[in-house]
Amino acid sequence: MAPRLLLFSISSPGPRAVPMPIEKPSVEVTSQGRFRWSQTRLWGFVLCVCGTFAGCNVEATSLAQLPGSKPASKQEDSHQKMVAILAKVADGVTTADRLFLPLTPPRSEMLRSLSRLPEDAIAVERYRLHSMLSIAELNLGNEREAIKHLEVAEKLASDPRNNIPEAKHREVLYRLGVTYMRLAETENCCLKNSPESCIIPFQPAAIHTNRAGAENAIAYFSKSLQKSNGVDQRSRWLMNIAYMTLGEYPDKVPREHLIDFNFQANGDSFPRFKNVAAASGMKAFNSGGTVVVDDFDNDGLNDILTSSWDPREPMRFYKNKGGGEFQDRSGEAGLQGLLGGINMVQADFDNDGDLDVYVLRGGWMGRKGTIPNSLLENDGRGRFKDITFLAGLGEVHYPSHSAGWADYDNDGDLDLFVGNEGVYEKTSKDFYAESPSPSQLFRNEGDGTFTDVAKEAGVENFRYAKGVTWGDFNNDRYPDLYVSNFDSPNRLYQNNRDGTFTDVAGKFNVDGPLKSFPVWFWDFNNDGNLDLYVPSYSLRYGNLGPVVQGFMKKTTSLESPKLYQGTSEGEFRERSKDLGLTRTLIPMGGNFGDLDNDGFTDFYLGTGYPDYEALIPNVMFRNCNGTSFENVTYPGGFGHLQKGHGIAFADLDSDGDQEVIAQMGGAYEGDHFRDAIFQNPGFGNHWLKVKLIGTESNRSAIGARIHVVITENGEKRSIYKHVNSGGSFGANPLCQTIGLGKASQIDRIEVYWPTTGVTQTFNSVPMDQRIEITEGKPEFRILDTPIMALRMTRNAERLRMVGK
């Protein structure tokens with residue numbers, strides 16, 4: 001039996017026995033002579049021993065008071081300053097519909113105009129006001145008020161004496177269908193929510209019991225189709241979904257309007273992942289935002305951090321209690337008053353052994369989005385302080401949506417690139433091209449502060465940045481930067497290794513799609529070269545039509561996604577057509593992981609755009625040995641119709657396979673929804689979790705490469721992982737879960753550390769374990785984490801831990 005040391009964990013109130021070598025902590029100095037904040041860990045060790053042998057109250061000691069940490073008073077000042085600013089921002093928000101690209105004047109202004117209309121006002125003006133008011137009411141969640149305005153508009157449009165164009169009559173019929181559809185969702189999927197709600201194909205528990213909303217939607221979609229001679233693909237699509245909500249698809253759908261969703265594809269070959277979010281304790285009802293999953297309190301279990309783009313809504317911290325059970329500890333985590341956050345990325349920026357979080361705000365808001373982002377410093381126990389202003393990150397505020405950590409100068413600490421949007425005043429057709437803001441590259445100075453060097457580095461971008469990802473595509477040890485821009489060519493900034501970058505996207509033909517959103521570097525075919533996935537996006541009202549066209553394998557006006565396969569020469573080949581990935585899906589969030597632990601990365605896309613018509617199922621693709629991708633959305637139970645934003649793959653129940661976490665909800669006040677956790681049923685394959693700790697490199701080991709060689713079915717094969725948090729909207733744990741398929745053994749593991757250029761090799765590594773590898777140490781360490789299984793009780797209300 002491994003030796004056990006009785007410890008008082010800083011993150012728990014009592015003693016626990018864990019197998020670990022008794023090592024003497026040391027203060028580390030990198031080869032560049034930069035002090036690493038390991039003094040904090042040394043003092044933490046001393047306090048733990050004190051707690052064990054002298055009965056000290058370890059919980060009462062704040063790491064913020066230890067050597068190498070910022071003074072607690074200054075931390076608190078910075079934190080309270082941010083809380084005050086965010087409270088002022090929240091107080092200035094009347095309704096969320098005024099934040100996101102407002103398509104109409106304020107509701108109060110339109111009501112006033114309507115009340116002042118004379119009796120003999122022309123019908124077109126009355127129609128216009130009622131139509132716009134219906135949009136405003138629906139965005140606020142007032143579906144019945146919206147319906148009243150639409151009914152008046154429809155009556156006006158149907159009277160030939162009013163000379164209202166036929167196209168407008170058809171449109172108001174369509175909008176009545178959409179609004180009744182949303183009413184159906186509110187009365188059933190929201191107010192009577194079950195784990196299966198809004199997931200197609202609909203299970204019995206998801207069938208609407210309040211039927212009137214869907215029935216009325218079908219009636220109006222039918223009228224809209226009659227007016228369009230059956231060519232309105234939007235009405236046709238939503239009619240089919242409305243019949244599904246009533247349990248009447250496909251039998252009662254008029255034959256001429258039936259769409260074959262091909263639910264039987266893949267049959268029973270792929271198991272269903274159950275949505276266990278509510279049962280596990282994750283019950284937030286929110287607008288769109290993001291999710292970060294990682295071990296924030298250093299107890300070996302992955303916790304969940306979520307946020308909302310609405311500057312009035314709180315961040316939430318869900319502590320993993322084991323066995324997949326989560327408890328909302330937002331208050332204890334210090335998140336009170338830290339409002340809003342369209343996206344987040346985690347990393348140990350100060351190399352002190354715990355994960356900090358950068359929170360982005362203001363995306364899509366234009367001038368209203370000049371809200372400060374936040375750097376949240378973790379004290380090691382999952383408790384955060386906002387140190388933005390102490391760190392030099394709060395001097396200028398731009399609307400931003402995406403950021404990425406990397407050690408671009410290979411000095412051993414992590415730098416931060418923030419992709420910014422524009423500060424346009426009003427919504428226009430080309431808002432994304434107006435008043436572009438510079439993006440920012442914050443160089444980590446190694447003392448807890450950052451300096452913006454974007455201009456000197458040549459990476460200001462000055463485009464509407466929506467996604468950011470780092471990766472060393474040419475294998476020269478220095479991370480390169482890809483920026484996904486909306487309605488402008490994308491950038492691939494090649495690292496010149498002297499603190500500057502050169503945009504080579506055009507040179508390598510990787511600057512499309514022209515309209516894109518999420519993005520990531522990965523190695524989808526395990527050849528050791530980084531590949532690049534860049535799906536297309538569009539947020540225009542009416543996009544549902546082209547999406548349906550693409551679904552039916554017809555020509556569409558929207559761009560196709562791009563999968564750029566990297567080569568050993570540092571170039572790229574576009575492979576989306578060969579791999580079966582040409583269908584336009586307009587995702588907002590997305591991420592990758594290994595669902596079946598076969599060693600090949602699969603990916604999940606959270607689809608949609610702001611309008612309520614965007615009922616488009618999220619999509620899961622399974623990687624077929626790096627040669628193609630198979631759509632397993634329907635058999636896997638991943639076809640959630642609500643708007644998907646931040647996505648993460650993570651093992652939540654410590655059984656070696658990855659769950660899928662989706663942060664759900666739309667942009668408008670009336671478009672909230674519940675987040676989802678899709679529980680992995682298991683595939684019987686082997687796995688390995690690898691936690692890397694950098695010493696010369698950044699402690700998070702971001703940018704390091706793991707190469708696993710296994711023997712499977714008598715043959716050798718390689719599996720590659722590059723340490724990052726995955727996609728640009730939603731974050732996976734930095735501890736890498738590596739599927740090993742049917743391997744009979746691990747032959748070796750190689751870890752390449754780009755800061756030093758050193759490769760470490762480890763042999764005799766056991767499978768189905770969690771191990772820790774520290775840079776420079778010749779031996780790995782097996783981490784003792786209980787293996788738990790997540791099981792639903794019969795009433796689906798609670799969970800229990802069952803040891804395997």
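Me: Which side chain does that of aspartate 297 join in a polar contact of 2.5 Å?
Reply: This is a predicted model, in which local features need pLDDT of at least 70 and side-chain atom pairs count only at pLDDT 80 or more, while totals for chains, interfaces and linings use all residues. Residues are numbered from 1 along each chain as its sequence is written, and side-chain values use heavy atoms, with hydrogens and water left out. A polar contact is a pair of N or O atoms within 3.5 Å; within protein, one must be able to donate a hydrogen and the other to accept it, and residues adjacent in sequence count only if both atoms are side-chain atoms. At 2.5 Å, the side chain of aspartate 297 is joined to that of lysine 319.

Me: Is aspartate 297 buried or exposed?
Reply: Aspartate 297 lies in the loop between β6 (289-294) and β7 (303-308); helices (H or I, at least four residues) and strands (E, at least two) are DSSP runs, numbered from the N terminus. Buried means under 20% relative accessible area, exposed over 50%, and partly exposed in between (1.4 Å probe, protein chains only). Because its relative accessibility is 3%, aspartate 297 counts as buried.

Me: How are α8 and α11 oriented to each other?
Reply: Axes are lines fitted to C-alpha atoms, for helices over the stretch in contact, and angles run from 0 to 180 degrees between N-to-C directions. The two axes come within 8 Å and cross at roughly 70°. Angles under 35 degrees count as roughly parallel, over 145 as roughly antiparallel, 65 to 115 as roughly perpendicular and the rest as oblique. The helices α8 and α11 are therefore roughly perpendicular.

Me: Which residue stands opposite isoleucine 661 in β34?
Reply: Isoleucine 661 belongs to β32, where Glu659, Ile661 and Gln663 point one way and Val660, Ala662 and Met664 the other. Strands pair if DSSP finds at least two bridges between them, and β32 pairs with β34 (residues 676-679) in the antiparallel sense over three bridges. Opposite isoleucine 661 stands isoleucine 677.
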